[in-house]
Amino acid sequence: MPVIACHDCDLLTQLPARAGATLLCPRCGAVLQRHRPNSIDRPVAFALSGLVLFAVTLTNPFLAMRSGSFIQEARLLTGIIELWKQDLYILGGLVLLTCIIIPAIQLTGLLYVLVPIRLGVRAPGAIHVFRAIRHLNAWAMMEVFLIGILVALVKLAKMATIIPGIAVLSLGLLTIVVTAAMTTLDPPFIWRKLDPRP
Amino acid sequence: MKSLPTSAKSLGLLQCHDCHLLIRSEDIPAHHAHCPRCGAPLHFRKPDSIARTWALLLAASIMYIPANLLPMTVTTAVGAVQTDTIMSGVIYFIHSGSWEIAAVIFIASIFVPLVKLAILVFLLVSVQRRSKWRPRDRTVLYRITELVGRWSMVDVYVVTILVALVKLGAVASIEAGPAAVYFASVVVLTMLAAESFDPRIIWDVIEDHHDR
């Protein structure tokens, strides 16, 4: 009988013989295991569409601001470069990391781990990549950034006319897709697949 | 589903923090305590959980003071300079009628960081006093702090968007004030503090009690 320990309270629990829907820790209520159907194909599909949306987000205008006859357009990356120019390295770096680099690493990392599993082979170092993806989860904050855009828009509405660009829309979709890729994943299943022991 | 009325640690079993593999402690060599499956370092509990969490919390609460007192943004519009702290930003939104936005900023920037600091201090003190009070509810409190911490970043993002977007030459410009960096460090430090706390030490006290 397979036994697992709760990650929040360390209680040992026997896994049921048949995989049920969701298994909760009887002592502290943590989610011990959750059944995820198609747990390779779905995250791969979401990760692929995520890469496309990434390209759209980075190459299209993000926000434009009009005040009288003065129009100013910004892309996501030019905004970050602007922060860099104003010597705001910490803020610029934080936005770059949490909203672009970390989600991008997670998506490409997922494909690097999952596609070979789908094809029945094992990519070198895949288990370390998967560990890194899981650790980075707390630090990808695109959904928070979206709320930030909303607040900034309201704040600027009095000063000038703000025209949201295509990149705002694709960033919204990208946020949904990245979240979906991470939640359709079945980590225990992947760990078993990547197990290097004989 | 059957639960065995005991923790993994009491049977000498370690659970890998990363891949959740259960390992018998006598099976791992003392000089190389790494998970045989995923290679993560192995411990019964997160190392120095209490000391690390205290240190990060202390640093975060020190940073919380300049984050709230210093200006977040410095706005220059037609020659007039206006500085805004987090709280004056909230008040501005209330006066301009968008109370929803005021609520978002107040909750994310003032309420959540304070509650997070308070919950983590409470958990640390209760563990150090070997409290047996409602362990399940305290575990839920811990999960809440883990979940909501990231949302405090909203105001930092608002400032960066404003700074990047508003450069209307001589007409108006917005610059980030010193509080932005302090506030970002509060969010990062409290997230690291929550990550270094091990909720299982809440339950260890209760098991020790049963053994005696």
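Two residues are taken to be in contact if their C-beta atoms, placed from the backbone, lie within 7 Å. On this basis, and leaving aside neighbours within four places in sequence, B:Pro66 is in contact with B:Pro178, B:Ala179 and B:Tyr182. The structure under discussion is a predicted model. B:Pro66 belongs to helix α1 of chain B, which covers residues 49-69. B:Pro66 is classed as partly exposed because 15 other C-beta atoms are found within 10 Å, whereas a buried residue requires 20 or more and an exposed one 12 or fewer.

Chain B contains 7 helices and 6 strands. From the N terminus on, these elements follow the order β-β-β-α-β-β-α-α-α-α-β-α-α. The radius of gyration of chain B is 23 Å, while a compact globule of 212 residues would have a value near 17 Å. Taken along the principal axes, the C-alpha atoms of chain B fill a box of roughly 70 × 35 × 35 Å. Of the 212 residues in chain B, 39% are buried. Where contacts in chain B join residues at least 6 apart in sequence, 63% of them link residues at least 24 apart.

Chain B is divided into domain 1, residues 1-44, and domain 2, residues 46-208. The C-alpha centres of these two domains of chain B are 34 Å apart. For chain B, the unreviewed UniProt entry places the feature "transmembrane region" at residues 54-81, 101-127, 148-170 and 176-194. In the span 54-81 of chain B, the end C-alpha atoms lie 40 Å apart, and the composition is 57% helix and 25% strand. In the span 176-194 of chain B, the corresponding distance is 28 Å, with 84% helix and 5% strand.

Helix α5 of chain B, residues 154-165, comprises 12 residues and extends 16 Å from its first C-alpha to its last, close to the 16 Å expected at 1.5 Å a residue. This helix of chain B is mostly covered, with 12 of its 12 residues buried. The buried residues of α5(B) include B:Asp155, B:Tyr157 and B:Thr160, together with B:Val154, B:Ile161 and B:Leu165.

Chain A contains 7 helices and 7 strands. Read along the sequence, the pattern in chain A is β-β-β-β-α-β-β-α-α-α-α-β-α-α. The C-alpha trace of chain A spans about 70 × 40 × 30 Å along its principal axes. Buried residues account for 37% of the 198 residues in chain A. Of the contacts in chain A with a separation of 6 or more, 62% involve residues 24 or more positions apart. Chain A is divided into domain 1, residues 1-35, and domain 2, residues 39-194, and the C-alpha centres of these domains of chain A are 32 Å apart.

Between the two chains, 51 residues of chain A are in contact with 51 residues of chain B. On the side of chain A that touches chain B, the largest share, 9 residues, is contributed by helix α5 of chain A, residues 142-156. By class, this side of chain A has 33 nonpolar, 10 polar and 8 charged residues.

Definitions and conventions: Residues are numbered from 1 along each chain as its sequence is written. Chains are lettered from A and ligands numbered from 1 in the order in which they are written. This is a predicted model: local features need pLDDT of at least 70, side-chain atom pairs count only at pLDDT 80 or more; totals for chains, interfaces and linings use all residues. Helices (H or I, at least four residues) and strands (E, at least two) are DSSP runs, numbered from the N terminus. The radius of gyration is taken over C-alpha atoms; the globule rule is 2.2 Å times the number of residues to the power 0.38. Ala, Val, Leu, Ile, Met, Phe, Trp, Tyr, Cys and Pro count as nonpolar, Asp, Glu, Lys and Arg as charged, and the others, Gly among them, as polar. Domain bounds come from an automatic or database domain assignment. UniProt positions are given in the numbering used here, feature names are shortened, and annotations may be inferred rather than shown by experiment. The expected span of a helix is 1.5 Å times one less than its number of residues.
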